[in-house]
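Here are my notes after going through the file you sent. Have the viewer open while you read.

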Amino acid sequence: MSDLAWLSRSALLVGNDGIDLLQQKHVLVVGLGGVGSFAAEFICRSGVGEMTIVDGDVVDPSNRNRQLPALATNHGVSKAQIMQERLLAINPELKLHVVEDFLTPQKCREILATKFDYVMDCIDSITPKVTLLSTALQFNLPIVSSMGAGGKLDPTKLRTTYLTDTYQCVFAQYVRKRLKKLGNASTIKAVFSIEEVMKESLIMTDGSNFKRSAYGTISYLPAAFGGVCASVVIRDLLGYKVDIEKRPERISKKAIAKSKKKDQNKDK
């Protein structure tokens, strides 16, 4: 029989029934960078009984300012392997599945053939992110997706809404455009920031792993994104309310007007 005494403080909040419920759940975390590594640990420490983690990358020196697996002693080591060791050290009884691969459409379909109770999208590149989200929608899986954490400093500006209602986040805008033809994209919960991006922090990259550019990052902000994403998953699994940010009316009206104008131009 499992020893759940280590979750006694959590049980004070969600009850023993809540802990038992989380023990029965299987959560997928894709992307183990600044957002996903913390999100995965928070899910593990919440008492979820089964997890699958996915990442094909290795630790780079530039990861050390914000990513949980990254240390001065493990450059070049698989992030998935490091997180595997860490999560099992937290909960040795965790049923943990590890996928050390980047997300291709075929790999995505293979992974999502498993029935997950929740999908956590912590990918920071558009193409694999859209692949994961569109495939998860096809499988009708509950999803929370992290939007852009780069170029920002203020964790109090984080919000949760549905993907189609995100605003003031360029990264979310790109994702919305790629998924706009999918009618159920509005079911994706998204964690985003309304803070203005510090554009001067942008750098161009070599284009590897689907990334052509990157914004500067600070230690705590990706972790904050991971915490909010994890909280959405845990609250949804337990049936607790998740407050949804409403798009400001001025932005909604502007978006509607822009959409109508585009439709009128198509009819001409």
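The points below cover salt bridges and a surface patch.

1. Keep in mind that this is a predicted model. The structure holds 10 salt bridges, and I picked out a few of them.

2. Start with helix 2 (residues 36-45): Glu41 and Arg45 sit 4 residues apart there, so about one helical turn separates them. Their side chains meet in a salt bridge at 2.9 Å, N to O. How accessible are the two partners? Glu41 is buried, with a relative accessible area of 7%, whereas Arg45 is partly exposed at 41%.

3. Next, look at Lys79 and Asp57, which form a salt bridge with the closest N and O atoms 3.4 Å apart. This pair ties together distant parts of the chain, 22 residues apart: Lys79 belongs to helix 3 (residues 79-90), Asp57 to the loop between strand 2 (50-54) and helix 3. Lys79 counts as buried because its relative accessibility is 4%, under the 20% cut-off. Asp57, at 24%, counts as partly exposed.

4. Which residue does Glu245 bridge to? The partner is Arg159, with 3.7 Å between the closest N and O atoms. Glu245 is partly exposed at 24% relative accessibility, and Arg159 is partly exposed at 22%.

5. Finally, the surface: Leu153, Met198 and Tyr220 make a nonpolar patch of about 250 Å². Tyr220 is in helix 7 (residues 220-238) and counts as partly exposed, at 38% relative accessibility.

Notes
Residues are numbered from 1 along each chain as its sequence is written. This is a predicted model: local features need pLDDT of at least 70, side-chain atom pairs count only at pLDDT 80 or more; totals for chains, interfaces and linings use all residues. Side-chain values use heavy atoms; hydrogens and water are left out. Patches are made of residues with over 30% relative accessible area and no salt bridge: like charges are joined within 9 Å, nonpolar side chains (Val, Leu, Ile, Met, Phe, Trp, Tyr) within 5 Å. Accessible areas come from the Shrake-Rupley method with a 1.4 Å probe; for residues, only the protein chains shown count as cover. A salt bridge is a side-chain nitrogen of Lys or Arg within 4 Å of a carboxyl oxygen of Asp or Glu. Helices (H or I, at least four residues) and strands (E, at least two) are DSSP runs, numbered from the N terminus. Buried means under 20% relative accessible area, exposed over 50%, partly exposed in between (1.4 Å probe, protein chains only).
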